[in-house]
Amino acid sequence: MQTEARVGVVVEGGPRALNSQPKQHKPLQQQHQQSQIGTVSQLVAGGVAGALSKTCTAPLARLTILFQVQGMHSDVATLRKASIWHEASRIIREEGFRAFWKGNLVTIAHRLPYSSVNFYAYERYKELLHMIPGLESNRENMGRDLLVHFVGGGLAGITAASATYPLDLVRTRLAAQTNVIYYRGIWHALQTITREESVFGLYKGLGATLLGVGPSIAISFSVYESLRSFWQLHRPHDATVAVSLACGSLSGIASSSATFPLDLVRRRKQLEGAGGRAPVYTTGLLGIFKQIIQTEGFRGLYRGIMPEYYKVVPGVGICFMTYETLKLLLADVTPKL
């Protein structure tokens with residue numbers, strides 16, 4: 001696979017490695033040290049990429065969440081009047097400009113480990129999948145590579161989401177607060193949710209999350225890798241940063257379009273019981289879908305999709321671009337440490 005081969009060269013020694021002969025007898029300790037450097041580089045690059053991406057797109061992310069949860073406590077007449085400009089104006093007027101970044105601290109606290117685990121697990125799952133007979137890396141068989149990207153990306157997303165879910169739930173509840181402040185911060189939210197809803201309250205909506213995040217990350221990675229390989233095959237001299245930005249943005253649109261209804265249900269489940277309110281949904285996942293369609297129409301499943309589109313194009317693009325750029329920089333720095 002072209003992409004994996006290029007990544008391996010970048011992490012282990014950069015372009016210089018192509019022009020140098022490998023040593024025949026490398027000490028085991030030195031090999032282990034290089035492996036560790038590669039691992040740390042991937043974790044740092046993935047974590048910083050995710051945090052920077054989320055910070056840059058935080059205003060649109062908060063608008064998406066506010067739109068997604070409107071149907072829980074609003075009547076149909078109110079929902080018809082909702083618009084991005086109207087909601088953005090309300091936030092500035094009632095909460096101030098800084099409120100666009102409400103919950104961003106916990107977003108960063110969530111994204112650093114989430115993105116690190118996500119990117120690192122993706123690389124490891126790809127290695128494991130390529131060990132399966134019939135799925136070996138083969139430049140001439142793009143179908144196999146696409147399957148590896150899809151499955152590896154899905155497993156990586158599930159792993160990262162499961163490991164960091166309580167922070168994701170807290171972030172949603174902080175971002176959904178408007179004028180009434182019930183949760184005063186990350187630690188207070190964790191304590192309050194645990195006290196009022198038990199430890200299991202920290203995992204509300206995990207089922208919908210895992211159902212959505214697996215396909216979402218799988219589609220994102222597979223579309224990204226496929227577009228990037230196709231682009232580099234036909235235009236090999238284009239800048240890596242520009243290619244990553246374009247392919248990352250398109251992959252984000254594809255994954256968001258396919259999995260947005262599950263993301264909407266996830267957000268609403270995360271807010272069940274928030275602020276001492278009575279539960280809105282008393283059925284399972286399918287029952288919630290049915291109730292949303294009955295009360296808000298089929299379009300209700302895509303409430304907030306426009307700010308999500310506006311967010312995902314720069315967001316995913318910045319994430320992939322930063323990840324690739326940091327890997328290149330760290331490849332030059334880590335051998336000198």
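Predicted model: local features only at pLDDT ≥ 70, side-chain atom pairs only at ≥ 80, totals over all residues.
**View 1. Packing of helix α11 against helix α12.** Helix α11 spans residues 240-270 and helix α12 spans residues 285-296. Their axes lie 11 Å apart and form an angle of about 100 degrees. Angles of 65 to 115 degrees count as roughly perpendicular, and α11 and α12 are therefore roughly perpendicular to each other. On the α11 side, the contact consists of Pro 261, Leu 262, Leu 264, Val 265, Arg 268 and Lys 269. These residues meet Leu 285, Ile 288, Phe 289, Ile 292 and Glu 296 of α12. By class, the contact of α11 with α12 holds eight nonpolar, no polar and three charged residues.

**View 2. Packing of helix α3 against helix α11.** Helix α3, residues 58-68, packs on α11 at an angle of about 75 degrees, and the axes are 9 Å apart. The angle makes α3 roughly perpendicular to α11. From α3, Thr 64, Ile 65 and Gln 68 take part in the contact. From α11, the contributing residues are Phe 260, Asp 263, Leu 264, Arg 267 and Arg 268. The residues of the contact of α3 with α11 comprise three nonpolar, two polar and three charged.

View 3. Ile 158 is located in helix α8, which covers residues 142-176. Its relative accessibility is 32%, so Ile 158 counts as partly exposed. Leaving aside residues up to four places away in sequence, Ile 158 touches Leu 210, Val 213 and Gly 214. Ile 158 and Leu 210 are separated by 52 residues in sequence, while their C-alpha atoms are 5.8 Å apart in space.

Definitions and conventions: Residues numbered from 1 in each chain as written. Heavy atoms only, no water. Axes fitted to C-alpha atoms, helices over the stretch in contact; angles between N-to-C directions. Helix = DSSP H or I, 4+ residues; strand = E, 2+ residues; numbered from the N terminus. Parallel < 35°, antiparallel > 145°, perpendicular 65-115°, else oblique. Contact = heavy atoms within 4.5 Å. Nonpolar A, V, L, I, M, F, W, Y, C, P; charged D, E, K, R; others polar. Buried < 20%, exposed > 50% of the residue type's maximum accessible area, 1.4 Å probe, protein only.
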